[in-house]
Amino acid sequence: ARRLVIDGARLRRGRPAEVHLVDMTWIPAGDDTTGSALASYAMRHALGRLSPAQRSLLSEVYLVGRSPEEVAGRLGLPIGTVKSRTHYALRALRSGLNAA
């Protein structure tokens with residue numbers, strides 16, 4: 001019995017101490033201030049490279065939340081023109097974001 005106790009003590013000393021995992025679920029996952037700051041800078045830079053007409057069209061549709069029909073009525077343009085200009089403005093914005 002003495003040898004079994006000694007063997008058990010030696011076995012525990014030979015192993016490294018077990019490390020308990022830290023529960024990190026309490027940390028909010030969306031708190032990425034550096035990433036959001038860089039994304040905000042890239043977006044402002046890409047928006048600055050657009051023409052004023054493209055910027056205003058994208059802000060009406062995506063920031064204000066107006067439908068293309070509402071924007072067409074406000075600007076006095078055909079709906080197809082608003083949709084195509086929105087498409088090309090988004091394409092220019094994407095290429096500006098990829099260039100940054």
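These are my notebook entries on a predicted model and what I looked up in it.

**Ground rules**

I number residues from 1 along each chain as its sequence is written, and I use heavy atoms for side-chain values, leaving out hydrogens and water. Because the model is predicted, local features need pLDDT of at least 70 and side-chain atom pairs count only at pLDDT 80 or more, while totals for chains, interfaces and linings use all residues.

**Entry 1: overall make-up**

I looked up the secondary structure to begin. The protein has five helices and zero strands. Helices (H or I, at least four residues) and strands (E, at least two) are DSSP runs, numbered from the N terminus. Along the sequence I read the pattern α-α-α-α-α.

Next I checked burial. Of the 100 residues in the protein, 14% are buried. Buried means under 20% relative accessible area, exposed means over 50%, and partly exposed lies in between (1.4 Å probe, protein chains only).

**Entry 2**

Two packed helices are described by the angle between their axes and the distance between the axes. I noted that axes are lines fitted to C-alpha atoms, for helices over the stretch in contact, with angles from 0 to 180 degrees between N-to-C directions.

I took H3 and H4 to start. Their axes come within 9 Å and cross at roughly 135°. H3 and H4 are therefore oblique to each other. For the angle classes, under 35 degrees counts as roughly parallel, over 145 as roughly antiparallel, 65 to 115 as roughly perpendicular and the rest as oblique. H3 passes H4 in a right-handed crossing. A crossing is right-handed if the near helix is turned clockwise from the far one by less than a right angle, and left-handed if anticlockwise.

Then I turned to H4 and helix H5, residues 79-99. The axes of H4 and H5 come within 9 Å and cross at roughly 110°, so the two are roughly perpendicular. The crossing of H4 and H5 is right-handed.

**Entry 3: salt bridges**

How many salt bridges does a search of the whole structure find? I got two. A salt bridge is a side-chain nitrogen of Lys or Arg within 4 Å of a carboxyl oxygen of Asp or Glu.

Arg66 is partly exposed at 24% relative accessibility. Glu60 counts as buried at 18%.

Glu60 also forms a salt bridge with Arg74, with the closest N and O atoms 3.7 Å apart. Glu60 lies in helix H3 and Arg74 in helix H4, so this pair ties together parts 14 residues apart in sequence. Arg74 is exposed, with a relative accessible area of 54%. Shared partners join Glu60, Arg66 and Arg74 into one network of salt bridges.

**Entry 4: around Val64**

Where is Val64 placed? I found Val64 in the loop between helix H3 (52-63) and helix H4 (68-75). Val64 is partly exposed, with a relative accessible area of 48%.

**Entry 5: Ala53**

Last, I looked up Ala53, which is found in helix H3. Ala53 is exposed, with a relative accessible area of 55%. Ala53 and Arg85 are 32 residues apart in sequence. In space I find them 9.2 Å apart, C-alpha to C-alpha.
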